[in-house]
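The plan is to look things up one at a time and write down what comes back.

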Amino acid sequence: MAQEFPKNSAAEIPVTSNGEVDDSHEHGFNRDLKRSLPSGLGLSETQITSHGFDSTKEGVIEAGAYQGSPAPPLPSVLSPSRVAASRLAQQGSDLIVPAGGQRTQTKSGPVILADEIKNPAMEKLELVRKWSLNTYKCTRQIISEKLGRGSRTVDLELEAQIDILRDNKKKYENILRLAQTLSTQLFQMVHTQRQLGDAFADLSLKSLELHEEFGYNADTQKLLAKNGETLLGAINFFIASVNTLVNKTIEDTLMTVKQYESARIEYDAYRTDLEELNLGPRDANTLPKIEQSQHLFQAHKEKYDKMRNDVSIKLKFLEENKVKVLHNQLVLFHNAIAAYFAGNQKQLEQTLKQFHIKLKTPGVDAPSWLEEQ
């Protein structure tokens, strides 16, 4: 009995009866190779060449796109398993495998809630960022104007009215300061005249030989002190009215003027920024910036127009109020001064009645603010 050696499947080559190599094993290998290939590779043609050991026969197998086979395909690394697919679906990605064998992965973005809670810290940070950007643009505009490099928007008529108002305010402040000095000096003189009248009256009682002379001087000084108090009341009323006009009415208008000037600087700053962007190239990166700059420019233009209109209206009302107030106060000041130095006590008192001025009685405290109400 012949000794049997173990057969090696890798070295075994089946041969047919006529001596040719049996290619049934090769067809089985090709079938297994097709099964192991991953689906969806889109191979238009696959060529497999086999060479026999004893034959020069060359076999070519042509195959189109893989259409599937009845047997289930072997698992491969490129195709995810069902568990992995379910995990991907839970993470927000849908894996769709069409009939053609190609995989298409549809990505779904994050879900954004409409009523998302805003972070106060982020809102403050955004406000600080906008304020810093606006401050930088305005500062650059101011420096450019001072250096003569930047252009500014000028309303000639409105600017002239503002310059006149500021000049008049300085002159009114000077008149107010001089009137306050006159009031202080007149108060000192009236106080001195009153003390002098009291001294003359005391000497009139103690000096019998000069009784009449001291008495005349005492009456004169007391009369001058009384008229001086009347004049002092008129001057103080004049000072109060001019002070209200200068430090409240005119100052309120100048505050609006400052707001108008700030709006003008912002308007010019964003106008310059828009002009620089328009001079540059227009592409996909710069077009959104130009649109945003155009939106900001339009918003600041509307603010500038509104503030200019407000300033014009306030200047008109201020001029009417100023003429009316100063007309009455100048008439009062003139009549009171003329009557006092003319010694016309009746005319002086009539002037105070005409302007409804009440004098403070000496020795009587001023009424409280509750009693005045």
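**Entry 1: a cut-off first.** I need one definition before I start: a residue counts as buried when its relative accessible area is under 20%. I also note that this is a predicted model.

**Entry 2: Gln193.** Is Gln193 buried or exposed? I looked up its relative accessible area and found 11%. That value falls under the 20% cut-off, so Gln193 is buried. I then located Gln193 in helix H4, which covers residues 156–206. Which residues does Gln193 touch, leaving aside neighbours within four places in sequence? I listed Gln221, Leu224, Ala225 and Tyr340.

**Entry 3: the whole chain.** I stepped back to the protein as a whole. I have 373 residues, of which 23% count as buried. The exposed surface comes to about 27900 Å², with 56% of it supplied by carbon and sulfur atoms. I read off eight helices and four strands. Along the sequence, I wrote the pattern down as α-β-β-α-β-β-α-α-α-α-α-α. Next I checked contacts between residues at least 6 apart in sequence. Of these, 68% join residues at least 24 apart.

**Entry 4: H5 and H6.** I took helix H5, residues 211–279, against H6. Their axes lie 8 Å apart, and the packing angle is about 165°. Angles over 145 degrees count as roughly antiparallel, and H5 and H6 are therefore roughly antiparallel to each other. I logged their crossing as left-handed.

**Entry 5: H6 and H7.** Next came helix H6, residues 286–342, with helix H7, residues 345–354. At what angle do H6 and H7 pack? I got about 160°, with the axes 8 Å apart. That makes H6 roughly antiparallel to H7. This crossing is left-handed. For the residues involved, I noted Leu332, Asn335, Ala336, Ala339 and Tyr340 on the H6 side. They meet Gln347, Leu348 and Thr351 in H7. Tyr340 was already on my page as a contact of Gln193.

**Entry 6: the record.** I turned to UniProt, where the entry is unreviewed. Its annotation "coiled-coil region" covers residues 155–182 and 290–321. I checked both spans against the model. Residues 155–182 are 96% helix and 0% strand, with end C-alpha atoms 41 Å apart. Residues 290–321 are 100% helix and 0% strand, and their end C-alpha atoms lie 46 Å apart.

Conventions. Residues numbered from 1 in each chain as written. Predicted model: local features only at pLDDT ≥ 70, side-chain atom pairs only at ≥ 80, totals over all residues. Heavy atoms only, no water. Helix = DSSP H or I, 4+ residues; strand = E, 2+ residues; numbered from the N terminus. Buried < 20%, exposed > 50% of the residue type's maximum accessible area, 1.4 Å probe, protein only. Contact = heavy atoms within 4.5 Å. Areas by Shrake-Rupley, 256 points an atom, 1.4 Å probe, with all protein chains shown as cover. UniProt positions renumbered as here; feature names shortened; annotations may be inferred. Axes fitted to C-alpha atoms, helices over the stretch in contact; angles between N-to-C directions. Parallel < 35°, antiparallel > 145°, perpendicular 65-115°, else oblique. Left-handed = near helix turned anticlockwise from the far one by under 90°.
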